[in-house]
Amino acid sequence: MTAGLVILGIDPGLRVTGYGVIVKTGSALSYVSSGCIKSTVGELPDRIKTIFSGVNEVISRFSPGEVAVEKVFVNVNPQSTLLLGQARGAAISAAVSCDLPVAEYTALQVKQAVVGKGHAKKEQVQEMVKRLLKLPGYPSPDAADALACAICHAHGGQMGGMTTRGYRVKGGRLVK
């Protein structure tokens, strides 16, 4: 692939899971790929399997060294929160099944790291992702959120992301 740290960002969703792959070389960030895993058809177990398989396919294709996932926020509707949590669990399970460290960031942390405001709008995130990665156009909102999560991780996270498997972010690196 490319010299540097390959980071996979994931914006989990039960219908659409965004992903974004970047490379961090020194302090420079480079765009590799982004897109969406769509799981809109079938019963819940089938949709979870689609997310798990899709994330595994992205990992297989781009060989990231680290994964950053957006944390679930609590919705007004508890059922929506539970469903989103299951989608998120499928994405995290795919990463840890490949022995990858997973850092978790809230939407507030991601927006703060990328836009400078924790309550930025989706369009502002898209604009900053486009600028930071020197993209010719705007990524889709889900892909932009995933790329923003990867950028946040590359910059050491905002207040440090808690990670799975005994890792944490310190000084922009994952440490035990």
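Helices (H or I, at least four residues) and strands (E, at least two) are DSSP runs, numbered from the N terminus. Strand S1 covers residues 5-11 and holds Leu-5. This is a predicted model, where local features need pLDDT of at least 70, side-chain atom pairs count only at pLDDT 80 or more, and totals for chains, interfaces and linings use all residues. Residues are numbered from 1 along each chain as its sequence is written, and side-chain values use heavy atoms, without hydrogens and water.

Stay with Leu-5. Its relative accessibility is 25%, so Leu-5 counts as partly exposed (between buried, under 20% relative accessible area, and exposed, over 50%; 1.4 Å probe, protein chains only). Beyond its neighbours within four places in sequence, Leu-5 is in contact (heavy atoms within 4.5 Å) with Ile-22, Val-23, Lys-24, Gly-65 and Glu-66. Glu-66 is 61 residues away in sequence, yet 7.8 Å away C-alpha to C-alpha.

Now the pockets. On a 1 Å grid over the protein atoms alone, a pocket is an open set of points with protein on both sides within 12 Å along at least five of seven lines; lining residues have an atom within 4 Å of a point. The largest pocket holds about 310 Å³ of space. Its lining has 19 residues, with Asp-11, Glu-70, Phe-73, Lys-122 and Asp-145 nearest the centre. Helices H3 (107-114), H4 (122-132) and H5 (141-154) each supply at least two lining residues.

The second largest pocket holds about 170 Å³. Leu-14, Arg-15, Arg-47, Asn-75, Ser-80, Leu-83 and Leu-84 line it. Helix H2 (residues 78-97) gives the most to this lining, with three residues.

Methods: 1 Å grid on protein atoms, 1.4 Å probe; cavity = no way out; pocket = protein on both sides within 12 Å on 5 of 7 lines; lining within 4 Å. Points joined across faces, edges and corners; volume = space filled by probe spheres on them.
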